[in-house]
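Subject: Handover of a structure

Hello,

The structure is placed below for you to take over. My notes on what was found follow it.

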Amino acid sequence: MSQESTRTPAAAPADDYLERRALRRGSAGWVLLTGLGVAYVVSGDYSGWNFGLAEGGFGGLAIAMVLMGAMYACMVFALAELSSILPTAGGGYGFARRALGPWGGFLTGTAILIEYVLAPAAIVIFIGDYVESLGLFGLESGWPMYLVCFAIFLGIHLWGVGEALRFSFVVTGIAVVALIVFALAALPDFSVAALDDIPVDSSAAGSNSWLPFGLLGIWAAFPFGMWFFLGVEGVPLAAEETREPARTLPKAIRWSMGILIVLAVVTFVAAAGARGSAAIQEAGNPLVEALQPDGEATTLSRIVNYAGLAGLVASFFSLIYAGSRQLFALSRAGYLPRFLSLTSRRKAPYLGLLVPGTIGFLLAAVSGNGARMLNIAVFGATISYALMALSHIVLRRREPELPRPYRTPGGVLTSSVALVLACAALVATFLVDVTAAFIALAVYVVAVAYFGLYSRKRLVAQAPEEEFAALAAAEAELTRD
């Protein structure tokens, strides 16, 4: 995409425009951000991934997990570089805006929004199911429970980012410790023979005991392999509220990914080996199921069950944060209605929290289909991954002299691997849930129509991401002259 494509008519707002849209600076260091990165994902260790066993068996899901882990590892290294160049709340949208122009920025930001609006709506349903299954206070899963969850956790976010991140850190810590306890408890019952106990579909090409659904099962398991890492890319969205973001963000992203890889391997192998892949492939709470071979609850299984609820809360809470910051950045730059980026006296984007929160609550209350909403979220996520990886490649090729406080190991080779695997994961979503994929496409069509017909000519030049892109265009013009 040429530099000319970055020149888009921009509006001239009032002098205090950015002052009314300011976040609280310096609220988080690398430790809190590492906790945030793990919080985005930790609920995926407790449930969801195991459905991939029904698609690919233990071997198929294991290969899918390795490939998706490689995709995320390559992507976060690329994001670490990009976030050190442009540490703003726009995250992926800001990176793509400079590399791919306003259309690329908008498409990336919209894909991220789809992920971060749909995922909390799905997770709040799972929270309701957990609360009901645990018999907490006699509560049942349903819209009153969803409303209470959104109200409480939106309230904490409105209180302030520092308080919100500390709350998330504590809850995430509980969930992570419980995963370690689970793995240790599952060790005495571990059996290699239990890993590949799913019946083999002899009609599937390349099928065997480790790949009971054949080679195609590996591909079909991609979206479930992603559940061990889905959301970690949201760390750069905290850039404007971070101390020394050019140094802190890359460090937090790398640490988050390292912790998540360890948790993914330990959880996956321990759960399947303790009870058997066949027994947990359709369980709503596979870790609890793995600790209850006779179906009877134990003290340890109850502890893990409560910790699963903590993991769901941590991911629900942190994904609300990520969605609000992406919406804030797109609104501040004029891609979405500008009033959505207004901040409160405590420097919280209150409408950026309340509007997607309301949408998420309504989706949960009306549909009640958490699995489908997560599949839609995964579809949006894979599009954003491909575009962010492409942005890294384009900026490396087009602007090699751009100051980079952190450089991606392997350079464009690393981001190229992420790009190829993201495209493969995008296609795999059609193998799992065609309806979800087409719903996400329909949302995209509506968003593209809004941008093309209205907001494209009303962008705000003073927004950090727009200034960054304008600087690139000006430098290119000087070079040509």
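**Cysteines**

Cysteine 149 counts as buried because its relative accessibility is 7% (buried is under 20% relative accessible area, exposed over 50%, partly exposed in between, with a 1.4 Å probe and protein chains only). Cysteine 423 is partly exposed, at a relative accessible area of 38%. The sulfur of cysteine 423 lies 14 Å from the closest cysteine sulfur, that of cysteine 74, which is too far for a bond. The structure holds zero disulfides, a disulfide being a pair of cysteine sulfur atoms within 2.5 Å.

**Basis of the values**

This is a predicted model, in which local features need pLDDT of at least 70 and side-chain atom pairs count only at pLDDT 80 or more, while totals for chains, interfaces and linings use all residues. Residues are numbered from 1 along each chain as its sequence is written, and side-chain values use heavy atoms, with hydrogens and water left out.

**Overall build**

The protein chain has 17 helices and two strands; these are DSSP runs numbered from the N terminus, with helices being H or I of at least four residues and strands E of at least two. Buried residues make up 60% of the 481 residues. A compact globule with 481 residues would have a radius of gyration near 23 Å, and the 22 Å of the protein chain agrees with that (taken over C-alpha atoms; the globule rule is 2.2 Å times the number of residues to the power 0.38). Along the principal axes, the C-alpha atoms fill a box of roughly 75 × 50 × 40 Å.

Helix H9 covers residues 245-275, and its 31 residues should span 45 Å at 1.5 Å a residue (the expected span is 1.5 Å times one less than the number of residues). The end C-alpha atoms of H9 are 44 Å apart, which agrees. After H9 comes glycine 276, with a positive phi near 110°.

**Cavities**

There are four cavities of 30 Å³ or more. On a 1 Å grid over the protein atoms alone, a cavity is a set of points where a 1.4 Å probe fits but cannot get out; a pocket is an open set with protein on both sides within 12 Å along at least five of seven lines; lining residues have an atom within 4 Å of a point. Points are joined across faces, edges and corners, and a volume is the space filled by probe spheres set on them.

The largest cavity holds about 180 Å³ of space. Its lining has 16 residues, and the closest to its centre are Ser43, Gly44, Ile123, Leu230 and Leu374. H4 gives the largest share of this lining, four residues.

The second largest cavity has a volume of about 80 Å³. Among the residues lining it are Tyr116, Phe150, Leu319 and Pro356. H4, H12 and helix H13 (350-367) each supply at least two residues of this lining.

**Largest pocket**

The largest pocket has a volume of about 500 Å³. It is lined by 20 residues, of which Leu113, Ile114, Val117, Ile359 and Val443 are the closest to its centre. The elements giving two or more residues to this lining are H4, H13 and helix H16 (434-453). H4 gives the most, with six residues.

Regards
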